[in-house]
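I have my notebook open and the model loaded. Here is what I looked up, entry by entry, for anyone who wants to follow along.

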Amino acid sequence: MLIDAVFFYLFALRTLGGGILTITRRNAVHSAISLIVSLLGVAGLYLLQHAEFLFAVQIVLYVGGIMVLFLFVIMLVNLDQAAKERQFNRQWMVALAAVAAVGAEIGYFFYRGQDTFRLGDVAVPAATAGNTEMLADVLFQEYLLPFEIASVLLLVAVVGAVVMAKKRI
Amino acid sequence: MHPVTTVHYLALSAALLLIGTVGVLTRRSIVIILMSIELILNAVNINLVAFSRQAHAVHGQIFAIFVIVDAVAEAAVGLGILIALFRNKETVLADEIDLLKW
C-alpha cells in the first residue's frame, strides 16, 4: 500500500510538472519534450490502476505517434520568429483569474463531496481473464457500433489531414 | 500516509485540466494550444480510469480508448490546418489570425 502511494505521488509530480513546463516554455520543442514527460506520467498512473492495455496504448500511441507528429510539424513550421515574440496574449490575467475561480469551485466541491465519492461496495468479480482480454470482450460485444464509428472517424480525419496539408490535390 | 483513493486521482485530474485550460487561454502559439488540448484530454482519461477502477468494471477504460481515438483525430486534423495556415499567412500566433474579424 505504501509503495502504491509513493508511486502515485511520483507519477503525479511528473504529470503536473511536465504539464506546467509544457505551457510555460518559450521553445516549442522544449514544450513537446515536457509534454512527453507528462504523458509518460499519465501512463504510469494507468499502470498503478491496473489498466495495462491503456498503459501500452498511451506509450505507443501518444508518445510514439502523436508526439512524433507534433515534433515533425514543429520542424516543418518555422517557429524561430514566434519564439522571439511575446508568448502570452494580452488577456492572460483575465484568463488566469477565470481559471483560478473554476479551480476554487472544483476544489470546494471535492472538499464538500469527499465522502459521497464512495459509491458503495461493489462486489469484486473474480478476475477470470487479464485486462486486455476483458477489454476486448466488452469492446467487441457491447461497443461494436461505436468501435466501427470510431474507425470511420479516423478515416475521415486521415483524409482531412491530407487534404489540408497538401499544396495541390 | 493516507491510502490513495479515487479522490486523489480526481484531484490530480482536475489540476491537469486547469493547467491545460490555462495553456489554451493564455498562449499565443497554436502548436502549444494543441498540446494543451492533449493535456485536457489526458485529464479526462485519468478520471475515466479512476472510476473504472472503483466500479471494478472495464467500461470506463473503453471510454478512455474512444477519447484517445478522438485525440488522435484532433491532432491530425489540427496540425493539418496549422500547416495550411502557415503556408498562407506565415504565422503561427493565434491572435494574428483575424480573417473573420471585421
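**Entry 1: A:F53**

I began with A:F53, which lies in helix α3 of chain A. For helices I use DSSP runs (H or I, at least four residues; strands would be E, at least two), numbered from the N terminus. Before going on, I note that this is a predicted model, in which local features need pLDDT of at least 70 and side-chain atom pairs count only at pLDDT 80 or more, while totals for chains, interfaces and linings use all residues. Residues are numbered from 1 along each chain as its sequence is written, and chains are lettered from A and ligands numbered from 1 in the order in which they are written.

Is A:F53 buried or exposed? I found A:F53 to be buried, with 20 other C-beta atoms within 10 Å. My cut-offs are these: 20 or more other C-beta atoms within 10 Å of its own makes a residue buried, 12 or fewer makes a residue exposed, and anything in between is partly exposed, with C-beta atoms placed from the backbone.

Next I asked which residues A:F53 touches. Not counting residues up to four places away in sequence, they are A:N131, A:T132 and A:L135. I count a contact when two C-beta atoms, placed from the backbone, lie within 7 Å. A:F53 and A:N131 are 78 residues apart in sequence, yet 6.7 Å apart in space, C-alpha to C-alpha.

**Entry 2: α1 and α2 of chain A**

I then turned to helix α1 (residues 2-24) and helix α2 (residues 28-48) of chain A, which pack at an angle of about 155 degrees with their axes 7 Å apart. The axes are lines fitted to C-alpha atoms, for helices over the stretch in contact, and the angles run from 0 to 180 degrees between N-to-C directions. α1(A) and α2(A) are therefore roughly antiparallel to each other. That label needs an angle over 145 degrees; under 35 is roughly parallel, 65 to 115 roughly perpendicular, and the rest oblique.

The crossing of α1(A) and α2(A) is left-handed, a term for a near helix turned anticlockwise from the far one by less than a right angle (clockwise would be right-handed). On the α1(A) side, the contact includes A:F7, A:F8 and A:F11. Among those I noted on the α2(A) side are A:G41, A:G44 and A:L48. By class, I get 10 nonpolar, 9 polar and 2 charged residues in this contact. Here Ala, Val, Leu, Ile, Met, Phe, Trp, Tyr, Cys and Pro count as nonpolar, Asp, Glu, Lys and Arg as charged, and the others, Gly among them, as polar.

**Entry 3: α1 and α2 of chain B**

I looked up the corresponding labels in chain B. The axes of α1(B) and α2(B) come within 8 Å and cross at roughly 165 degrees. That makes α1(B) roughly antiparallel to α2(B). α1(B) passes α2(B) in a left-handed crossing, and the contact has 16 nonpolar, 9 polar and no charged residues.

**Entry 4: where the chains meet**

How many residues of chain B are in contact with chain A? I find 61 residues of chain B in contact with 71 residues of chain A. On the chain B side, α1, α2 and α3 each give two or more residues, and α3(B) gives the most, with 20 residues. By class, that side has 42 nonpolar, 14 polar and 5 charged residues.

I picked out two leucines of chain A here. A:L61 is found in helix α3 of chain A and is partly exposed, with 18 other C-beta atoms within 10 Å. Leaving aside its neighbours within four places in sequence, A:L61 is in contact with A:I66, B:I68 and B:V72. A:L16 lies in helix α1 of chain A and is partly exposed, with 16 other C-beta atoms within 10 Å. With the exclusion of residues up to four places away in sequence, A:L16 touches B:A15, B:L16 and B:I19.

**Entry 5: two backbone notes**

B:H56, in the loop between α2 and α3 of chain B, has a positive phi of about 55 degrees although it is not a glycine. B:H56 is exposed, with 12 other C-beta atoms within 10 Å. B:E90, in the segment after α3 of chain B, has a positive phi of about 60 degrees, and B:E90 is not a glycine either.
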